[in-house]
Amino acid sequence: MSIPILSLITFVPLMGAVLLIFLPKERKTLLYGVALTLALFVFVASLLVYLRFDAAEAGPQFVEKSAWLGFGIQFHLGIDGISLFLVILTTLLVPIVLLSSWSYIRVRIKEYLIFMLLLETGILGVFLSLNLFLFYVFWEAALIPMYFLIGIWGGKRRVYATLKFVLFTMFGSLLMLAAIFTLSSLFFKATGAYSLNLFEQARMVLNPRLQTWLFLAFGLAFAIKVPMFPFHTWLPDAHVEAPTGGSVLLAAVLLKMGSYGFIRFAIPLFPDAVETFLPVLSALCLIGIIYGGLMALIQKDIKSLVAYSSVSHMGLVMLAVFSLNVEGTLGAIYQMLNHGLSTGALFLAVGILYERAHTRAIKDFGGVSKQMPVFSAFFLIAVLSSAGLPGLNGFIGEISCLYGIFAANKVYAALAVTTVILGAAYLLWMFQRVMQGPVTNEKILSFRDMNRREILYFAPIVVLMFWMGISPGTFLGKMDASVTAYVQRIKGRERVFVQKAGPPPAARRIDVREELSR
Amino acid sequence: MKAAAPLLPLLIIVGGAILVFLLEAFWKRTDKTPLAMLALATVLGSAAAAVRLWGTGASAFGGMLRLDDAALVFTMIFFVAVVFTILIALRFLPRHDANFGEFYGLLLLALAGLMIMVSSPNLVVILLGLETLSVASYALTGLKRDDDQALEAAIKYFLMGSFASGFLIFGLALLFGLAHTLEIPALTAAFAAPQGAPLLGLAGLVLVLIGFAFKIALVPFHMWSPDVYQGAPTPIAAFFVVGPKAAGFAVLFKLVAPYAPQALRSQKILTVLGILVALSMLVGSLTALRQRNVKRMLAYSSIANAGYMLLAVLSGDGAGLMFFLAAYLFMSFGAFGSLIAMGGGGREYHELEDFAGIGFRYPWIGALFSIFLIALAGFPPLAGFLAKYYLFSEAVRKGLMPLVLIGLLASLISVYYYLRIIVFMYMREPEREVELDVDNPALYLVLFLCLYGVLQLGLFPGNILFVFKRALGSLIL
């Protein structure tokens, strides 16, 4: 590999953002053209990665590694079966979101596009980093563009929502930073060398009590991002206030940073602590599933309904992650992609409705499908995908999640099934109230159906929903090796202390009390 | 001539200062730009002389003045700070009723004081440098003679500063009684003696530390600083936040670092300093939260930042301290430079409400200020984050986890108040008429240099940390 393709994918959006600064702000078509071209270029590049991706290889591929700042801080990118499709999901959704913003964003278009591209760089960096420091850098860097996106183009309570979003996330991440310091320091004390390389760190055997603290720090950061109950309160606010494009990326990709963080970092680094906390974590997931579903039922605003449905769905994903078996983890990753597509599509649909009605309250709608038959079909597919209808993607994801959970704990699985029931209830009820029945609001009579641009960006998502529902093998096949290796690593637990030279000594445990008093 | 080489940087600065004063007195001109240029040339000449001393470990006056590499690193930080100050003051002074050539002379004198402070191992010489700095600073604070706020600030600064000097001198007297010398290495040795130091000696050390805590505005000795920073002309406030603090920390580092390798609890003094760190970080951040005036907010945030720097001193992390100072130099001058842009037509607009809508009406100022604020808040990949990262990770390695957690909490609080300015700039509709000073090339030069510094130090600091480490190796503790 001569071309550093992962760097290319990560940094082309950033370069695009810099380029946009120097373009005139009145030339809307030019600005969109440049942004869209670059976003599509990144998407094509990520497809190339997919094509050349070796499904049999479990470890990271296309690895780029170079020294950066010293102290074990390396520029270290790589992609494996766990991150591959999350990257493609991101690169696919950004052009779609840009297209959807054409008529929604009326002011400050240039700045909007700049922040979108910056956000893309941040998210892709999170999914591709294999160095703890680099990961943290991208993790935080992704926060800033989202802060502006909600704060500038959001609704009435945007400032409150965006500050809440930033402060919640920062609180978790700063604790994670403290944990990263500790890991770096422990590694140095044990080996005499600096390293923040994920794989070297994961080979370190830590005292369970120390693991507990570190896991809590990492876990909190990720749990806030997912968001897991009871750290979810920022999500409905952020979603309701964010512009459509921001909502789509927030729900479809940013939340996945949290669940991805668990799979990539928190669980491999602190397996003993995860096992200790499994009952608590699972209970939180279950509460999230049921609570999110019930809250979604009573929402009056379509957007906050979708937001609460995210809480419920992500609860299922996290419960599957915590099943710690191959089926559950595969299902969780698959469901992350599904949720990205279906929730993304739902938010796009809400955006389309909002552009016409300038309201999102369910009671203001009714009988829209007569006026907008094409939209009605698209919206229905998105709703059914989210509700998990067989033949669509959501079904495969939910079934394999539940299968994994069932293998781990039957009671959890029984409770988790409620997500399917509740999901069908609140989504179909919402669809019925909005799209069917008599027209109650005269404004609806003036609605135009989806135009060509809207069909253009909605269609790929719908195609993917069918594709992922009918032939999941295309996708699962590439994940299998990495996920199996991941589960084996956790279950196997034959980790030894890294040593610079000589035969590896027997696993040494670090006593937390000794550490703290030193 | 050879013997004078170590003195040359200092002599050039003092000579330049005197020349500026004389020209101001006898060459009546309303345009003070030539004097500013002279001051700039002086600083650059001195920098050239200083660079030649790198790696030589030159000393003068029998070791009373020692220009080791560590001193040179600090000196370079001061040079950059003074150059930035002169450039941002160029248009500011005539527009704000403070068109005095003495400004540049006093600034050079303050610079001389700073240089003396960091390049001497002897506390008496350090005290001399400190007093040179202080006298110049008092005058600089009160430069706007007709402004009540400035006068109040100057008097407060003078009274508090003198009071602190009293503590310092009394402490020095006690220390001299202990060791019969005021060389820092000898003092360290006296304290490290197996029988331990006598109580009076310890009292002396504490008094000296209190004196310095006053000068660098650590909580609870900070009460004067927000008023002074707010009352002083903005370019001077920018200088105060960086220059004197850097010098104070350089001295504190020499005093405290020898004790740092040992565990915290075995040294009561370090515990006390730890409390100062925690208080400075928390009180600084929490009070900044309540401010409506951005200049005052930055003043409080500088107290919190002083807390971080003291943490570096406590963990004996000289390279981290220097890196933090270098990063802080760019971030702080960037932020204060943006504040200077927020003033046109003889008035300054520093209330939060004045910033409403600035981001879109003045895109460059808005974007630059936002970047500096985000850097100060410690977001990657900018310099502020890396500086905190180095500093905190070293502190964790030294077992100062509780202080690091408090520091991270303070950072979280700081995120709120820094971002709130951005909220006003980009997310609020303008309510008031403000006049901006946008046509100011020297200011833009500083802002873009700061931007460059913030990015370069945040993304590709290269081996700068190792250069700092090497420089510290030359320090005799």
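Author: What follows starts at the contact between the chains, then moves to the chains themselves and their packing. Keep in mind that this is a predicted model.

Start with the counts. Chain A puts 28 residues into the contact, and chain B puts in 23 residues. On the side of chain B that touches chain A, two elements give two or more residues: helix H16 (383–397) and helix H17 (401–427) of chain B. H17(B) supplies the largest share of that side, 11 residues. The residues of chain B that touch chain A divide into 19 nonpolar, 3 polar and 1 charged.

Now take one residue on the other chain. A:Val159 sits in helix H7 of chain A, which covers residues 158–191. Which residues does A:Val159 touch, leaving out those up to four places away in sequence? There are A:Gly151 in chain A, and B:Val423 and B:Met427 in chain B. Is A:Val159 buried or exposed? A:Val159 counts as buried, because it has 20 C-beta neighbours inside 10 Å; the cut-off for buried is 20 or more. A:Ala238 lies 79 residues away from A:Val159 along the chain, yet their C-alpha atoms are separated by 9.7 Å.

Step back to chain A as a whole. Its secondary structure comes to 22 helices and 2 strands. Along the principal axes, its C-alpha trace spans about 80 × 55 × 40 Å. A compact globule of 518 residues would have a radius of gyration near 24 Å; chain A has 23 Å, which agrees. Of those 518 residues, 57% are buried. Take the contacts in chain A with a separation of 6 or more: 80% of them join residues 24 or more positions apart.

Chain B next. Chain B has 19 helices and 4 strands. Its radius of gyration is 21 Å, close to the 23 Å from the globule rule for 477 residues, so chain B is as compact as a globular protein of that length. The box filled by its C-alpha atoms is roughly 70 × 55 × 45 Å along the principal axes. Buried residues make up 60% of the 477 in chain B. For contacts in chain B with a separation of 6 or more, 79% are between residues 24 or more positions apart.

Then the core. The largest nonpolar core has 395 residues. B:Leu107, B:Val313, B:Phe324 and B:Phe372 have the most contacts inside this core. Helix H3 of chain B, residues 69–95, gives the largest share, 19 residues. Leaving aside neighbours within four places in sequence, B:Val313 is in contact with B:Phe249, B:Leu252, B:Phe253, B:Val256, B:Ala257 and B:Leu321.

H10 of chain B runs over residues 234–256. How much of H10(B) is buried? The helix is mostly covered, with 23 of its 23 residues buried. H10(B) also bends, by about 35°, at B:Phe240. A proline, B:Pro244, follows within four residues of that bend. What of the length of H10(B)? At 1.5 Å a residue, its 23 residues should span 33 Å, and the end C-alpha atoms are 32 Å apart, which agrees.

Definitions and conventions: Residues numbered from 1 in each chain as written. Chains lettered and ligands numbered in written order. Predicted model: local features only at pLDDT ≥ 70, side-chain atom pairs only at ≥ 80, totals over all residues. Expected span 1.5 Å × (residues − 1). Bend = angle between axes of the 7 residues up to and from the residue. Buried ≥ 20, exposed ≤ 12 C-beta atoms within 10 Å, placed from the backbone. Core = buried A, V, L, I, M, F, W, Y, C linked by C-beta atoms within 7 Å. Contact = placed C-beta atoms within 7 Å. Nonpolar A, V, L, I, M, F, W, Y, C, P; charged D, E, K, R; others polar. Rg over C-alpha atoms; globule rule 2.2 N^0.38 Å.
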